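Here's a quick tour of one structure, with the cut-offs spelled out as they come up. Have a look at it first.

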Amino acid sequence: MTFPNLLGRAPKHGLVRCNYVDAGTPCRAPATWHVAWHFRPPAEFSLVCNEHMAVVQQELVYVDRHPAAVNCDMPGTAWQTSTPSRCVPVTVEDLVTRAKTSLALHQGEGS
Ligand SMILES: [Zn+2]
Ligand SMILES: [Zn+2]
């Protein structure tokens, strides 16, 4: 099974674009969905339009999705896995909290 190249980076125009590449040509239509392929670091996400969301749903496996917003294509934002999920700006404080949490988790593994 071959996966389409969905990782091309879109220019930052404040308008999210579909990154779906079909026969070497990026779609570039306004994106309506933000798709998470997996959350294992480095997590992988793609922005897709309605038409390509239909293709993704038929042919590919993803773990989460939410309607595309400007935050979805901004540097320094992160996927928040609430219900529904969304992309939120990450603050330095968040990163510190996350580092502490991950440290706590590792200490708790005890082996
Ligand atoms: Zn598209
Ligand atoms: Zn998003």
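Which residues form one aromatic cluster? They're Phe39, Phe45 and Trp79. Before going further: this is a predicted model, where local features need pLDDT of at least 70, side-chain atom pairs count only at pLDDT 80 or more, and totals for chains, interfaces and linings use all residues. Residues are numbered from 1 along each chain as its sequence is written, chains are lettered from A and ligands numbered from 1 in the order written, and side-chain values use heavy atoms, leaving out hydrogens and water.

Rings of Phe, Tyr and Trp (its six-membered ring) pair if their centres lie within 6.5 Å; planes under 30 degrees apart are stacked, over 60 edge-to-face, the rest tilted. Here are two such pairs.

| Pair | Centre distance | Plane angle | Class |
|---|---|---|---|
| Phe39 and Phe45 | 6.3 Å | 50 degrees | tilted |
| Phe45 and Trp79 | 5.0 Å | 5 degrees | stacked |

Buried means under 20% relative accessible area, exposed over 50%, and partly exposed in between (1.4 Å probe, protein chains only). Trp79 is buried at 11%, while Phe45 is partly exposed at 26% and Phe39 is partly exposed at 37%.

Now for the metal. Donors (N, O and S atoms within 2.8 Å of the metal, or 3.2 Å for Na, K and Ca; water isn't among the atoms, so sites may look incomplete) for the zinc ion (ligand 1) are Cys18 (SG), Cys27 (SG), Cys49 (SG) and His52 (ND1), 2.0 to 2.3 Å away. Along the chain, their spacing reads C-x8-C-x21-C-x2-H. His52 is buried at 8%, whereas Cys27 is partly exposed at 26%.
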